[in-house]
Amino acid sequence: MIDYLDKAARLIRESGFTVAFTGAGISVESGIPPFRGKNGLWSRYDPKVLDLDYFYSNPHDSWVKIKEIFYDFFGKAQPNPGHIALAGLEQKGWLKSVVTQNIDNLHQEAGSKTVWEFHGSSQWVVCPRCGARHFATEIDMSELPPRCHEDGSVLKPDFIFFGEGIPREAYDQSFAAARKAEVMLVIGTTGEVMPASMVPYEAARSGATIIEINPETTPFTNQITHIFLEGKAGEVLPELLQRVSQLIVD
């Protein structure tokens, strides 16, 4: 019987450029629910609060929900063993970057240095008028909506709303990493969100070996995945890191 975990470890060890692509699944293990699905956030909140036009027309209502979801609740989340293992792979030089669909900053908190946030970050708020950016923790949210100190405009979280384009640098760097990858780890994502879901396909088209880590199969599995490691990221990734480390010693 083939030991797929060992095979994946050897591929990572021999790769000159490995990239991780992560989705909501890795953060679910830190207590952050996904947006979609039976227990997702959109089963409890109306998605319109993150519609760009609705936000500008109804900033108070949007900000009440945004504060509750992203700052009162998400702010308590901590990196889990999956995030920490990816940071460990990077620190050892075996992982070059993380492309993430998540906006929760948990990869950085775990120690990852090169992280391309495809959908932006909840850690920052930005003034749409003057462009001033502030750490969310520095903003007084006791009165909503929060306003820019420079021009009084309503501040907006610096993540992507419905109707808004992907940040240019994150988009370009994510696809550049995909084209350069010899191995791509696809972790905790079903590939339902466009255009982010095209990143692994771009890697596969460019010749990368796709190692998928998910609790169950996804559209990626039968189309581009070479090695499927069934399980939670917080369980599989620490074991994978250990296997790669042991290969160096042996």
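Start by selecting Arg133 and Trp124: Arg133 lies over the face of Trp124, 4.2 Å from the ring centre. The model is a predicted one, and every stop below is read from it.

**The sheet**

Next, show the strands. Six of them make an open sheet with parallel pairing, in the order β3-β2-β1-β7-β8-β9. Colour β3 (115-117) and β9 (227-230) separately: these are the edge strands, each with a single partner, so one side of each has no neighbour in the sheet. From one strand to the next, the twist averages 20°.

Zoom in on β1 (residues 18-22) and β7 (residues 183-187). The two strands run parallel and are joined by five bridges. To see how they line up, select Val19, which stands opposite Met184 in β7.

**Asp104**

Move to the loop between β2 (97-100) and α6 (106-110), and select Asp104 there. Is this residue buried or exposed? Asp104 has a relative accessibility of 10%; the limit for buried is under 20%, so Asp104 counts as buried.

Now display what surrounds the residue. Leaving aside residues up to four places away in sequence, Asp104 touches Ser27, Ile32, Glu109, Ser122 and Gln123. With Ser27 there is a polar contact between the two side chains, at 2.6 Å. A polar atom of the Asp104 side chain also lies 3.0 Å from the backbone nitrogen of Leu106.

**The aromatic rings**

How many aromatic pairs does a search of the whole structure find? The search returns ten. Select Phe70 and Phe159 to look at one of them. The ring centres are 4.7 Å apart and the planes meet at 45°; stacked needs under 30 degrees and edge-to-face over 60, so this pair is tilted.

Zoom out to see where the two residues sit along the chain. Phe70 belongs to helix α4 (residues 59-73) and Phe159 to strand β6 (residues 156-159); the pair links distant parts of the chain, 89 residues apart. Phe70 and Phe159 are both buried.

With Phe159 it forms a stacked pair, 5.5 Å centre to centre and with 20° between the planes. Phe161 is buried, as is Phe159.

Ring pairs link Phe55, Tyr56, Phe70, Phe159 and Phe161 into a cluster.

Terms used
Residues are numbered from 1 along each chain as its sequence is written. This is a predicted model: local features need pLDDT of at least 70, side-chain atom pairs count only at pLDDT 80 or more; totals for chains, interfaces and linings use all residues. Side-chain values use heavy atoms; hydrogens and water are left out. Rings of Phe, Tyr and Trp (its six-membered ring) pair if their centres lie within 6.5 Å; planes under 30 degrees apart count as stacked, over 60 as edge-to-face and the rest as tilted. Helices (H or I, at least four residues) and strands (E, at least two) are DSSP runs, numbered from the N terminus. Buried means under 20% relative accessible area, exposed over 50%, partly exposed in between (1.4 Å probe, protein chains only). A charge sits over a ring if NZ of Lys or CZ of Arg is within 6 Å of the ring centre and within 35 degrees of the ring normal. A polar contact is a pair of N or O atoms within 3.5 Å; within protein, one must be able to donate a hydrogen and the other to accept it, and residues adjacent in sequence count only if both atoms are side-chain atoms. Contact means heavy atoms within 4.5 Å. Two strands pair if DSSP finds at least two bridges between them. Axes are lines fitted to C-alpha atoms, for helices over the stretch in contact, and angles run from 0 to 180 degrees between N-to-C directions.
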